[in-house]
Amino acid sequence: MTRVLIEGVSKRYPGRGRGASDIVAVDDVSISVESGEIHAIIGYSGAGKSTVLRLINGLERASSGHITVGDDRITELGERDLRAVRTGIGMIFQHFNLFRSKTVADNIAYPLTIARVPAAERTRRVAELLSFVGLQDKAKTYPEQLSGGQKQRVGIARALATSPGVLLADEATSALDPETSKEVLALLRRVNRELGITIVLITHEMEVVRELAQRVTVMDAGRAVEQGDVFDVFAHPQSVTARRFVATSLPVSPGPDHLAELRERHPGLLVSVAIEDGGVDQQRVFQTLAEHGVAVSIVHGGVAEVGGRVIGRVTLELAGEMGRVEGAVAALAHETQLEVLR
Amino acid sequence: MEDLFAISDKFLLATGETLLYVAVAMLIGGLFGLVIGVALVASRQGGILQNRPTYWVLNLLVNFFRPIPFLILMVALQPLARIVVGTGIQDPAFMFVLAFAATFGVARLVEQNLLTVEPGVIEAARSMGAAPLRIILTVLIPEGLGPLILGYTFAFIAVVDMSALAGIIGAGGLGNLALQYGFRQFNPFITWGAVLLMIAIVQLAQALGNVLARRVLRR
């Protein structure tokens, strides 16, 4: 079942100055997010991903196109109706945006007050959420006494208070250190798996996409330039932007400078081999090399796990008699993406 | 030296009058100023109730009245005072003008202080489905309360300053005492007595403001 449907949506802002043409922040973007899915939108700053996220809960209004969340047609609703819809869509932020005048418990209770939940029920729900995010002992503290990771956990608890079906995450881990970032990602995974909440997240870090998302939309200059299963985009990025993002998160072939350096240290033939679960049979690669009597060492690269599948690229040094090495390369060229680095 | 009791009676009366003027001006002007200041923040570009004409009118109103020197405003508003409080002179008229001036001063202070509230927390409240009025009452004002208290303290002191001109339209207070009995009758004892009392009022107000703001800001 489709949970969030974005169809041909654009957002234009009037340009500054007289006669200035409109600034197009989002340009004809379509995204379909299934129920229970974690969908990542990745892009550089200014790519329009932040605007797309805010169009989903109507914090910003689309200039054209249609957005549907569940049964609610966001783009057709007035502000009053949108407010009711928003109680069913949680949102978390890069800088947490906690109310510093309220305690942790009051922060979490705030959306419940808006949703007119009775006081007794509010208290019960706040305790439940605090224990879900592991901050039972922080109910009466104020946000400034918390660490960044704790603040984001309060943010998540607050966003989940009204039991929304969809959670929008705006660069939720970008302000956190790598360790804390991992904890928050793990919590978001629990939110998705244990509570079945659909998550739409935006990020500029491919690591976040790799660790969390099932599907990804790559945005550049307001347009969705690539879309698909995370593994497919990692394995076969089509657009320049996607390729650049993948390169930040996966082992790749060495660059020209690095290659020259490697060649100095390794006299054998250098080849680059793509590794991909379901695409390349690793065992066959190494078996073929062994059969040809070629000595193999891994000199660069490695593998990573994407959605529980292994993917990566290694650079091998093939040593041995010239004829044998060439024979092995010729044999492998048929069955794998092997590239000789000359 | 005059009869000490007579003088202390004068001081007591004048202090009471000053406190009354300032209290009335801060209550009425503080409230209207808060409303106008909040309306300025809400209606400005990117505000929660963005409305260009409203912002333009309010902004013009504040900019129109605020630069008028209080002495001139007091005289210029006499006709209006006659309509609103029934007289153009003495206590009622003076408190009216003082509240009027405080309104526009406070409005600008409130606007400036509320603009320090992170737009992110407003956005968070909106994302939870909060309506504009709820956001103003439960997010904007509580989040900006620390700076607001300091702003009101500043306004209070400015109003004490303005209250010294009460004598011009026949009202009293410490400023009038200093001018009538100290300056005109060459009695520096009264002048400086009034000055010290005003300093005491200002000090107390500032100390109270600081304590309250610190409590709210928890730092």
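Predicted model: local features only at pLDDT ≥ 70, side-chain atom pairs only at ≥ 80, totals over all residues.
Residues are numbered from 1 along each chain as its sequence is written, and chains are lettered from A and ligands numbered from 1 in the order in which they are written.

A:Arg116 lies in the loop between H3 and helix H4 (119-132) of chain A, where helices (H or I, at least four residues) and strands (E, at least two) are DSSP runs numbered from the N terminus. The phi of A:Arg116 is near 60°, a positive value in a residue other than glycine. Most residues other than glycine have a negative phi. In chain B, B:Gln90 also has a positive phi, near 65°, but the place of B:Gln90 is in helix H5 of chain B, and with 14 C-beta neighbours inside 10 Å it counts as partly exposed.

**The two chains**

Chain A has twelve helices and 14 strands, and its C-alpha atoms fill a box of roughly 80 × 55 × 40 Å, taken along the principal axes. Buried residues make up 42% of the 342 residues in chain A. Chain B comes to ten helices and zero strands, and its C-alpha trace spans about 70 × 45 × 25 Å along the principal axes. Of the 219 residues in chain B, 43% are buried.

Contacts can also be sorted by how far apart the partners lie in sequence, two residues being in contact if their C-beta atoms, placed from the backbone, lie within 7 Å. Among the contacts in chain A between residues at least 6 apart in sequence, 67% join residues at least 24 apart, and for chain B the corresponding value is 68%.

Where the chains meet, the contact takes 17 residues from chain A and 16 residues from chain B. Helix H2 (79-86) and helix H3 (104-114) of chain A each supply at least two residues of the side that touches chain B. By class, this side of chain A has nine nonpolar, five polar and three charged residues, where Ala, Val, Leu, Ile, Met, Phe, Trp, Tyr, Cys and Pro count as nonpolar, Asp, Glu, Lys and Arg as charged, and the others, Gly among them, as polar.

**A sheet and a helix in chain A**

An open sheet of four strands in chain A has the order S2-S1-S4-S5, with antiparallel pairing; two strands pair if DSSP finds at least two bridges between them. Its edge strands are S2 (23-34) and S5 (72-73), each of which pairs on one side only. Strand S1 (residues 2-13) pairs with S2(A) in the antiparallel sense over eight bridges, and the bridge partner of A:Ile6 in S2(A) is A:Ile31.

Helix H1 (residues 49-56) of chain A lies across S1, S2 and strand S4 (64-69), running at about 60° to S2(A). H1(A) is mostly covered, since eight of its eight residues are buried, including A:Lys49, A:Arg54 and A:Ile56. Just after H1(A), A:Gly58 takes a positive phi of about 70°.

The angles below run from 0 to 180 degrees between N-to-C directions, and the axes are lines fitted to C-alpha atoms, for helices over the stretch in contact.

| Helix pair | Angle | Distance between axes |
|---|---|---|
| H4(B) (78-85) and H5(B) (90-114) | about 110° | 9 Å |
| H6(B) (119-127) and H7(B) (132-143) | about 160° | 10 Å |

H6(B) is therefore roughly antiparallel to H7(B), whereas H4(B) and H5(B) are roughly perpendicular to each other; angles under 35 degrees count as roughly parallel, over 145 as roughly antiparallel, 65 to 115 as roughly perpendicular and the rest as oblique.

The contact between H4(B) and H5(B) is made by B:Gln78, B:Ala81, B:Val84 and B:Val85 of H4(B) and by B:Pro92, B:Ala93, B:Phe96 and B:Val97 of H5(B), and by class it has seven nonpolar, one polar and no charged residues. The contact between H6(B) and H7(B) includes B:Arg126 of H6(B) and B:Glu143 of H7(B), and its residues divide into six nonpolar, no polar and two charged.

Conventions
Buried ≥ 20, exposed ≤ 12 C-beta atoms within 10 Å, placed from the backbone.
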